[in-house]
Amino acid sequence: MPQTISLGAFVLGAVLLLVGLVGGRFKIFSAEVESSAGKLARTIATILGICLVGFGLMRETGFLNGALAEGNPGPDTTARPHGAGGSGSTDIGDHPTTPPPAVREEPDIAGYWHDDLGTQFQITQQGASVVFSSMNPNGTQSRGSGMLRGNQIHLDFETNIPSSGNGDAVVSPDGRQISGTYYDSALGRYSWTIYRD
């Protein structure tokens with residue numbers, strides 16, 4: 001039905017344009033215009049022809065949709081309180097939106113930790129920022145800092161060997177273990193896990 005309306009509007013508009021441009025006395029397909037149109041009639045025919053041809057083309061190309069193309073009412077643009085349209089609604093209309101990103105909370109890792117070799121760690125935390133110090137039974141000390149991003153942490157550190165390094169680790173879901181891979185300028189690359197006391 002919409003295609004028929006588009007085609008009909010286009011053909012009628014083309015005929016009216018011919019009347020406006022030629023003035024009459026022509027035959028197209030089975031339609032025949034025998035008399036000549038006056039100046040006012042030609043002007044009106046030209047305007048109507050342009051409108052109908054444009055209307056037919058816009059409908060056919062989908063430029064007109066919603067209320068004009070399908071006979072349906074257009075989108076609801078009534079302002080509503082937030083959430084009035086139900087789940088996934090916006091303040092205007094019922095168009096779904098992307099849900100807000102989940103708030104990522106950093107785990108609380110402040111406190112005392114140890115590894116399997118007897119190294120003791122003390123971690124202090126302020127939001128996503130952490131600072132730590134450690135000492136192993138051989139007297140090697142280290143200190144450093146890092147940033148938490150969710151349950152992942154990047155660390156930079158120095159030791160009294162002397163050496164320096166960095167690493168990336170992951171906090172376990174229960175917050176009792178931190179495991180990662182580190183690089184030390186004296187020791188090279190290694191994996192290490194510490195446990196909450």
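**Ser134**

I began at Ser134, whose side chain makes a polar contact with the side chain of Ser142 at 2.4 Å. A polar contact here is a pair of N or O atoms within 3.5 Å; within protein, one must be able to donate a hydrogen and the other to accept it, and residues adjacent in sequence count only if both atoms are side-chain atoms.

The model is predicted: local features need pLDDT of at least 70 and side-chain atom pairs pLDDT 80 or more, while totals for chains, interfaces and linings use all residues. Residues are numbered from 1 along each chain as its sequence is written, and side-chain values use heavy atoms, with hydrogens and water left out.

I placed Ser134 in strand β5; helices (H or I, at least four residues) and strands (E, at least two) are DSSP runs numbered from the N terminus. Ser134 is buried, at 9% relative accessible area; buried means under 20%, exposed over 50%, partly exposed in between, with a 1.4 Å probe and protein chains only. I then listed its contacts (heavy atoms within 4.5 Å). Beyond four places in sequence, Ser134 touches Thr119, Gln120, Phe121, Thr140, Gln141 and Ser142.

**Largest pocket**

I looked up the largest pocket next and found 29 lining residues, with Phe121, Ser134, Ser142, Tyr190 and Trp192 nearest its centre. A pocket is an open set of points on a 1 Å grid over the protein atoms alone, where a 1.4 Å probe fits, with protein on both sides within 12 Å along at least five of seven lines; lining residues have an atom within 4 Å of a point. β5 gives the largest share of the lining, five residues.

**Largest nonpolar core**

I counted 16 residues in the largest nonpolar core, Ile109 and Trp113 being among those with the most contacts inside it. Such a core is a set of buried Ala, Val, Leu, Ile, Met, Phe, Trp, Tyr and Cys residues joined through side-chain atoms within 4.5 Å. β7 (152–159) is one of the strands that supply at least two residues of this core, and β7 gives the most, three. Outside four places in sequence, Ile109 is in contact with residues including Ile123, Val130, Leu148 and Arg196.

**Whole chain**

I recorded three helices and ten strands. Of 197 residues, 27% count as buried.
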